[in-house]
Amino acid sequence: MDGSRQQDRRALLAGGLFAATAALTGCSSTSTAPAAAGASPQARPTMQPTARPTTPQAAFTRLMEGNQRWVRGDLQHPDRDPDRRQFVAQKQKPFGSVLACIDSRVPPELLFDTGLGDLYVMRTGGEAVGPVVTGSVEYGPMTSGTPLIVVLGHQRCGAIEAAYTSLKDGEPLPGNLEAIARALRPAYEQATREGGSDPVDTMARAQVTLTAANLRSNQDLAPLVRKGTLAVVGAYYSLDTGKVEVLSGAPS
């Protein structure tokens with residue numbers, strides 16, 4: 001093939017590729033063309049946030065209804081969408097505070113079927129408390145009028161069992177775990193006095209009732225409890241059934 005024919009062939013191929021590219025580009029620009037002038041973007045639907053309970057009884061009822069859904073496996077997963085995320089991004093006002101154990105099987109937001117902005121949650125080993133933890137529990141009621149505190153213990157608590165064994169045998173736990181055992185000593189002593197076939201479970205329940213009673217009567221929360229604007233509930237969660245059992249302080 002001579003030089004002129006080679007040049008003609010290259011020109012033909014280049015022209016074909018250019019035409020194909022232009023055709024594809026044209027199709028693409030047609031499918032992604034901007035809306036006509038004057039057209040307005042589709043408006044987002046107006047979000048209707050779940051009404052916040054404002055009394056101890058209403059907040060307690062909301063939590064227990066959520067737990068009943070958890071037990072049945074009939075979850076609503078409320079307040080867990082992007083609209084809710086935006087709604088609470090600048091401001092929060094949870095209706096409940098929950099002090100629970102660190103146990104991975106006891107997430108309050110799930111077992112009460114709640115969502116973003118619904119609960120303040122504090123989690124420590126065996127619901128052990130100290131000044132920082134107590135201050136964290138007090139935060140909701142004292143700053144935003146949260147009407148309910150729940151102290152939530154649970155079945156087969158590893159922290160309770162470790163503390164019980166340590167205190168019974170007089171062998172300190174390693175590292176800062178010993179601080180948990182010290183915080184749980186009052187519950188251990190009560191369980192020892194009560195006896196029973198399962199002293200670890202007795203201690204878990206004692207820790208709940210003692211902690212709830214201490215919060216209910218402390219100098220900052222007691223006035224709110226007396227006014228009826230705050231309830232402090234002690235509760236116990238069954239790993240087997242998923243049910244929350246109320247031990248003390250249910251609002252009437």
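1. Both faces of strand β4 are covered. Ala231, Val233, Ala235 and Tyr237 are buried on one side, and Val232, Gly234 and Tyr236 are buried on the other. Buried means under 20% relative accessible area, exposed over 50%, and partly exposed in between, with a 1.4 Å probe and protein chains only. Counted as a whole, seven of the seven residues of β4 are buried. Strands (E, at least two residues) and helices (H or I, at least four) are DSSP runs, numbered from the N terminus.

2. The model is predicted: local features need pLDDT of at least 70, side-chain atom pairs count only at pLDDT 80 or more, and totals for chains, interfaces and linings use all residues. Residues are numbered from 1 along each chain as its sequence is written, and side-chain values use heavy atoms, with hydrogens and water left out.

3. The chain contains ten helices and five strands. It has 252 residues, of which 38% count as buried. Among contacts with a separation of 6 or more, 69% come from residues 24 or more positions apart; contact means heavy atoms within 4.5 Å.

4. The five strands make an open sheet of mixed pairing, in the order β2-β1-β3-β4-β5. Two strands pair if DSSP finds at least two bridges between them. β2 (119–123) and β5 (244–248) are at the edges with a single partner strand each, so one side of each has no neighbour in the sheet. From one strand to the next, the twist averages 25 degrees. Axes here are lines fitted to C-alpha atoms, for helices over the stretch in contact, and angles run from 0 to 180 degrees between N-to-C directions.

5. On one side, β4 (residues 231–237) pairs with β3 (residues 148–154) in the parallel sense, over seven bridges. Valine 150 is opposite valine 233 of β4, and histidine 154 is opposite tyrosine 237 of β4.

6. The pairing of β4 with β5 is antiparallel, over four bridges. Tyrosine 236 is opposite glutamate 245 of β5, and glycine 234 is opposite serine 248 of β5. These two strands form a hairpin with six residues between them, and glycine 242 in the turn has a positive phi of about 80 degrees.

7. Which strands does helix α9 lie across? They are β1 (96–100), β3, β4 and β5, and α9 runs at about 170 degrees to β4.

8. Leucine 99 belongs to strand β1 and is buried, with a relative accessible area of 1%. From C-alpha to C-alpha, leucine 99 and valine 121 are 6.1 Å apart in space, while 22 residues separate them in sequence.

9. Leucine 63 touches Phe95, Phe112, Thr114, Leu119, Leu148 and Val150, not counting residues up to four places away in sequence.

10. Helix α8 (residues 185–194) has Ala187, Tyr188, Gln190 and Ala191 buried. Seen down the axis of α8, these residues fall within an arc of 165 degrees, so they line one face of the helix; the arc is that of the directions from the helix axis to the C-beta atoms. Their cover includes α6 (158–169) and α9 (199–217). Just after α8, glycine 195 has a positive phi of about 70 degrees.

11. The whole structure has zero disulfides, a disulfide being a pair of cysteine sulfur atoms within 2.5 Å. For cysteine 101, the nearest cysteine sulfur is that of cysteine 157, 3.8 Å away.
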